[in-house]
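Colleague: I have just opened this entry and would like to talk it through. Could you guide me?

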Amino acid sequence: MDGEGSFTTHVRKSRNERKVRVSACQAQEWPLLKLRSLFGGYIMSVSARSLSPLTKKPLWRWELNGKYAAALSMTLYTLLSPRRQDQVKKLLAAWCASGRKPKTHCPQGHAFDALNTYLYLGKYRMCKQCRREKVIVIRRAA
Ligand SMILES: [Zn+2]
């Protein structure tokens with residue numbers, strides 16, 4: 001990326017998993033079309049209130065999400081500055097640590113085992129002990 005283009009990798013936290021996103025902003029659309037043809041992802045025009053301060057032209061934004069973004073970050077890693085490399089390393093470590101392997105314990109540290117786990121809406125694992133404790137707290141408060 002050159003000129004006023006920016007290349008960023010960030011991890012967005014949603015529910016229990018983190019999502020990796022790589023994005024690039026450019027005043028011209030064609031470098032982003034090239035990125036899209038190389039790596040996939042999608043292109044959008046950035047709204048008028050964030051016009052480029054230099055050219056006063058609309059900016060184009062390319063985004064790539066999920067495992068493709070993680071793969072691209074690793075590919076570009078060697079080209080990045082040491083400061084950026086450090087950032088990417090941390091983000092990818094965070095991404096690997098969560099989301100991919102199922103958690104073995106609830107946030108309060110109770111084991112998610114067969115006895116202590118139930119499925120909420122058939123999808124989300126919940127800790128029975130936490131639920132019990134919550135019910136007790138509610139009863140006490142009442
Ligand atoms: Zn728990």
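Colleague: Which side chains of strand S4 point to one face and are buried?

Modeller: This is a predicted model. Along S4, residues 60–65, the side chains alternate: Trp60, Trp62 and Leu64 point to one face and are buried.

Colleague: Which strand pairs with S4, and in what sense?

Modeller: Strand S3, residues 42–45, pairs with S4 in the antiparallel sense, over 4 bridges. Within that pairing, Tyr42 has Glu63 of S4 as its bridge partner.

Colleague: Now H2. Which of its residues are buried?

Modeller: Ala69, Ala70, Leu72 and Ser73 are buried in H2. They lie on the same side of the helix, because they cover an arc of only 165° around the axis.

Colleague: And what does the face turned away from the buried side carry?

Modeller: That face of H2 carries the exposed residues Lys67, Met74 and Thr75.

Colleague: Let me step back. How many helices and strands are there in the protein chain?

Modeller: The secondary structure comes to 4 helices and 6 strands. Read along the sequence, the pattern is β-β-α-β-β-α-α-β-β-α. The protein chain has 142 residues, and buried residues make up 13% of them.

Colleague: What share of the contacts join residues at least 24 apart in sequence?

Modeller: The share is 43%, counted among contacts between residues at least 6 apart in sequence.

Colleague: Next, strands S5 and S6. What do they form?

Modeller: S5 and S6 form a hairpin with 3 residues between them. Leu121, in the turn, has a positive phi of about 55°. The two strands, residues 117–120 and residues 124–127, run antiparallel and are joined by 4 bridges. Tyr120 has Tyr124 as its bridge partner in S6, and Leu119 stands opposite Arg125.

Colleague: I also noticed Gly109. Where is its place, and is it buried or exposed?

Modeller: Gly109 is in the loop between helix H3 (82–97) and S5. It counts as exposed because it has 9 C-beta neighbours inside 10 Å, and the cut-off for an exposed residue is 12 or fewer. Gly109 and Cys130 are 21 residues apart in sequence, and their C-alpha atoms are 9.7 Å apart in space.

Colleague: Last topic, confidence. Where is it lowest, and where is it highest?

Modeller: Confidence is lowest in strand S1 (residues 6–14), with a mean of 59, and highest in helix H1 (residues 30–39), at 87. Over residues 1–5 the pLDDT is below 50, and this stretch has 10 contacts in the model beyond near neighbours in sequence. For the protein chain, the average pLDDT is 76, and 75% of the residues score at least 70.

Colleague: How should a stretch with low pLDDT be read?

Modeller: Where pLDDT is low, the predicted coordinates should not be read in detail.

Definitions and conventions
Residues numbered from 1 in each chain as written. Predicted model: local features only at pLDDT ≥ 70, side-chain atom pairs only at ≥ 80, totals over all residues. Buried ≥ 20, exposed ≤ 12 C-beta atoms within 10 Å, placed from the backbone. Contact = placed C-beta atoms within 7 Å. Pairing = 2+ DSSP bridges. pLDDT = per-residue confidence, 0-100. Arc of directions from axis to C-beta.
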